[in-house]
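Biologist: Could you walk me through this one? I would like to begin with the sheet and then move on to other things.
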Amino acid sequence: MVFEDLYMQGQRPKYDCLLFDLDDTLYPLSSGLATSCRTNIEDYMVEKLGIDKSKIHDLCNILYKNYGTTMAGLRAIGYDFDYDEYHSFVHGRLPYENLKPDPVLRSLLLNLPYRRVIFTNADKVHAAKVLSKLGLEDCFEGIVCFETLNPTHKSTVSDDEDDIEFVGSRTFAATNNGSSSEIFDIIGHFAQPIVGLGLPKSPIVCKPSEAAIEQALKVANIDPQRTLFFEDSVRNIQAGKRVGLQTVLIGTSQRVKGADYALESIHNIREAIPELWEADRKSEVAAYSGNVAVETSVTA
Ligand SMILES: [Mg+2]
């Protein structure tokens with residue numbers, strides 16, 4: 001019995017779940033969606049939020065760097081807008097036609113004997129559109145997306161969200177209800193930092209915040225120790241590593257700190273991580289030897 005137990009433990013695959021980022025992970029950066037998305041975000045900031053065009057470049061960089069997404073940063077510094085309207089503006093005009101069905105990836109995914117879940121900062125409409133264009137819509141058991149982590153549009157941080165950690169100072173976000181007269185001058189803040197003045201916090205929950213990743217794992221009932229996380233963003237990989245995930249950086253073969261593997265393309269998954277197929281092979285071998293034993297006893 002003891003031997004049998006140990007034998008069964010040896011059969012247990014190392015992973016239960018594969019967690020995939022969507023954009024620039026399941027399709028290459030060269031598709032042009034990321035570049036187009038950035039242009040649309042800049043247009044939104046000028047056209048809808050009335051931000052001076054000359055500030056856009058610096059502002060985007062600062063917000064993206066400090067808040068995970070430009071959108072989360074815009075909310076933090078005091079802009080208020082409808083999340084759905086924002087998403088339809090920045091994603092509505094993306095060159096989705098550049099994404100083609102990927103039967104190779106589809107076959108790879110469907111042959112991997114693990115739970116497969118998407119985790120993206122993008123909204124559900126965009127995620128569904130991308131998966132449909134790639135022909136991968138039935139390859140995943142679920143999608144953790146913007147709406148999962150941000151179910152309602154809240155202008156203020158309420159007391160019942162104490163367990164969720166936001167960036168920066170709670171006081172600013174709670175007292176600023178998005179009126180344009182109270183926009184936090186974040187460019188000025190970085191040009192001449194005032195000692196003791198923290199960054200305002202965002203009500204938006206997104207990668208690479210560790211709290212966002214932990215929340216996603218909880219929602220999807222995922223054990224980080226038994227999960228492989230595929231991402232093109234180095235900072236998301238590093239945040240994933242900090243919460244205990246095994247990590248695969250996509251888009252480069254150069255491993256960085258925090259990445260257990262690095263693949264130029266998701267298509268290289270079989271060559272780069274053969275152990276993912278080992279669980280399958282072990283169970284095939286076990287089944288085969290079982291048959292042999294039966295045959296031997298019949299012919300004996
Ligand atoms: Mg990505």
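Modeller: A word on terms before we start: two strands count as paired here if DSSP finds at least two bridges between them. Please also keep in mind that this is a predicted model.

Biologist: Fine, in what order do the six strands of the open sheet come?
Modeller: The order is β3-β2-β1-β4-β5-β6, and the pairing is parallel. Because β3 (142-144) and β6 (261-263) each have a single partner strand, they stand at the edges, and one side of each is left without a neighbour in the sheet. On average, and with direction ignored, neighbouring strands are turned by 25° against each other.

Biologist: How many bridges hold β5 and β6 in the parallel sense?
Modeller: Strand β5, residues 246-250, pairs with β6 over three bridges, and leucine 249 has alanine 262 in β6 as its bridge partner.

Biologist: And which helix lies across β4 and β5?
Modeller: That is α12 (residues 234-242), which lies across β4 (227-231) and β5 and runs at about 175° to β5.

Biologist: Changing topic, which residues of the largest nonpolar core touch the most other members?
Modeller: Leu18, Leu19, Phe20, Ile118 and Phe230 do, out of 60 residues in that core, which draws at least three residues from each of domain 1 (1-31 + 101-154 + 205-300) and domain 2 (33-94 + 168-201). Leaving aside residues up to four places away in sequence, isoleucine 118 touches Phe20, Leu22, Ala127, Phe140, Ile143 and Val144.

Biologist: Where does pLDDT stay under 50?
Modeller: One such stretch is residues 154-180, for which the model has 46 contacts beyond four places in sequence. Over residues 286-300 the pLDDT is also below 50, and that stretch has one contact beyond near neighbours in sequence. Where pLDDT is low, the predicted coordinates should not be read in detail.

Key
Residues numbered from 1 in each chain as written. Predicted model: local features only at pLDDT ≥ 70, side-chain atom pairs only at ≥ 80, totals over all residues. Core = buried A, V, L, I, M, F, W, Y, C linked by C-beta atoms within 7 Å. Buried ≥ 20, exposed ≤ 12 C-beta atoms within 10 Å, placed from the backbone. Domains from an automatic or database assignment. Contact = placed C-beta atoms within 7 Å. Helix = DSSP H or I, 4+ residues; strand = E, 2+ residues; numbered from the N terminus. Axes fitted to C-alpha atoms, helices over the stretch in contact; angles between N-to-C directions. pLDDT = per-residue confidence, 0-100.
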